[in-house]
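I opened my notebook to look up charged side chains that pair with each other. I wanted to see where they sit and how exposed they are.

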Amino acid sequence: MVRKYSVSLHGHRTSFSLEEEFFTALKEIAARRGRSLAALIAEVDDGRPDSYNLSSALRVYVLKTMTAEVS
């Protein structure tokens, strides 16, 4: 199920929608890296191409991270 989440990035509130599985994976990645979830989301947001919205960028980030860890 897709849920809407809110976070503050660079002092501004923004929201994104993710399936619970992607959100759980994102929290696990942040924990493994010793970072806050907000810091990790800000990093992804700062590096995302203009053609991706934040939700898409987070999904792609999770997918690439999980794929790299399996390899």
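I began with aspartate 45 and arginine 48, whose side chains meet in a salt bridge, 2.7 Å from N to O. The model is predicted, and I kept that in mind for each entry.

Aspartate 45 has a relative accessible area of 19%; the cut-off for buried is under 20%, so aspartate 45 counts as buried. Arginine 48, at 29%, is partly exposed.

Next entry: arginine 59. Which residue does arginine 59 form a salt bridge with? I found glutamate 19, with the closest N and O atoms 2.9 Å apart. Arginine 59 belongs to helix α3 (residues 54–70), and glutamate 19 to strand β2 (residues 12–19). The two are 40 residues apart, and the pair links distant parts of the chain. I looked up accessibility again: arginine 59 is partly exposed at 22%, and glutamate 19 is also listed at 22%, partly exposed.

Then I turned to arginine 32. Its side chain meets that of glutamate 69 in a salt bridge, at 2.8 Å from N to O. Arginine 32 has a relative accessible area of 48%, which is partly exposed. For glutamate 69 I noted 43%, again partly exposed.

Last, I looked up the count. How many salt bridges are there by this rule? The count comes to 4.

Terms used:
Residues are numbered from 1 along each chain as its sequence is written. This is a predicted model: local features need pLDDT of at least 70, side-chain atom pairs count only at pLDDT 80 or more; totals for chains, interfaces and linings use all residues. Side-chain values use heavy atoms; hydrogens and water are left out. Helices (H or I, at least four residues) and strands (E, at least two) are DSSP runs, numbered from the N terminus. Buried means under 20% relative accessible area, exposed over 50%, partly exposed in between (1.4 Å probe, protein chains only).
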